[in-house]
Amino acid sequence: MATSKDFIKKYGDKTFSELPFTDVDNLLLCEIFYMPFEKVLYKGFNDKPVLFSDACKKVFAYNGYKHISPGFLMNNYISQKMMALAETVRYKDVKVYACESVFGTEPAVQFAAMTFILPDDTKVVVYRGTDDTWVGWKEDLDIYTKKGIPSHKLCVDYLERVAKDFPDGDIIICGHSKGGHVALHSALYCDESVRNRIDRVYNNDGPGFYSYNYIESKPYNEIINKYRHFVPDCSFVGMLLVHDDDYIPVKSTRLFGMLQHDLATWKIKGTQLLTRDDLTFVARVTDLVLKKMLYNMDDEKTNNFEAVLSAVIAGMGQVNITNFSKNLISSLKGAIDTWSSIDEPAKELFRTTFVGIFTVIEECTKLVIMQDKEARQKKQSKAIKNIN
């Protein structure tokens, strides 16, 4: 079954005037932006746009002219796709602008964005998802334990600056994982004049928000017809926290949730993603379980969970997951020593955070089974009625 790499082979000779920006282009740009463009391009908004192909060549040179994975949990296919895309007719006139990267520990922030300028002057703003660093994962945790993260303000500031620098042309916003989360956030909280220029917003398996308020907001209703929320059919990340029910399940070459989070596994059909009517049984159970667990966690448990886990991660003494795997023994020793130093009440509260999880899973499983049964009965009744 075809994936995004097949799109490059089949449609790489099609210009954007012949084939306007597609859902698969969105996948490709989100995927290749995990490569370290910020290492080879000047930071921020002070330089002129450069050709996408030239930027890709610089990244490849930075990696020693080898196809190197951008992270422990990613593969070198991303580098291969980047270079393949750079050599296509479709992307030969595309330019990149304002590669912004912000990284810090207190508070945790791992933010990166870059703008692709299409030949028709459309600006495609891409927000990077979680990278290989523990700080990136810590900021992900803060999405779930806090009501705001630094990337929320950064993504809005970035989008509004791009709109200011380029006052003409449509804007498309894309992001994967945390990048999808902030893509939607930037569209919701940017100035109305900027929102009016948005042509599409892509959230690719990004987690939700802290409350349902955003779904009822005026900005959300203004962009809903431009919003495309894709999740793999056994999604896990995209089911976290409060999300809308307008997501579109996409078929994957892999069976289970976290493995499906990889955009390279998402199936396509021609220039579109290969979708299905609903999530898998497992994903629908997961969705219910995560919602119940979220509402069962009070502020005390949430704050304690965040504090303990943050301390253990810091105790590892590693910047990223790659270094953790290379220094496994010392990393684990640091984590264990840190856990031992935490006071007993905090450890006990941490242990009880997920007490009852198996009961919740059982309840949610029964509920989804009942929902499926009712749906089948309704379908059968409708079929009989049509026959009569």
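I started with the neighbours of R90: skipping those within four places in sequence, R90 is in contact (heavy atoms within 4.5 Å) with F7, Y11, G12, K14, T15, F16, L19, P20, F21, T22 and D25. This is a predicted model, where local features need pLDDT of at least 70 and side-chain atom pairs pLDDT 80 or more, while totals for chains, interfaces and linings use all residues. Numbering runs from 1 along each chain as its sequence is written, and side-chain values use heavy atoms, with hydrogens and water left out.

I placed R90 in the loop between helix 4 (77–86) and strand 2 (95–105); helices (H or I, at least four residues) and strands (E, at least two) are DSSP runs numbered from the N terminus. Buried or exposed, I asked of R90? R90 is buried because its relative accessibility is 3%, and the cut-off for buried is under 20% relative accessible area with a 1.4 Å probe, protein chains only.

Next I checked the polar side of R90. Its side chain makes a polar contact with the side chain of D25 at 2.7 Å, and a polar atom of that R90 side chain lies 3.4 Å from the backbone oxygen of T15. Polar contact here means N or O atoms within 3.5 Å, one able to donate a hydrogen and the other to accept it; residues adjacent in sequence count only if both atoms are side-chain atoms.

Then I turned to the helices. I noted S151, H152, C155, V156, L159 and E160 of helix 6 meeting H181, V182, H185, S186, A187 and Y189 of helix 7.

Terms used:
Buried means under 20% relative accessible area, exposed over 50%, partly exposed in between (1.4 Å probe, protein chains only).
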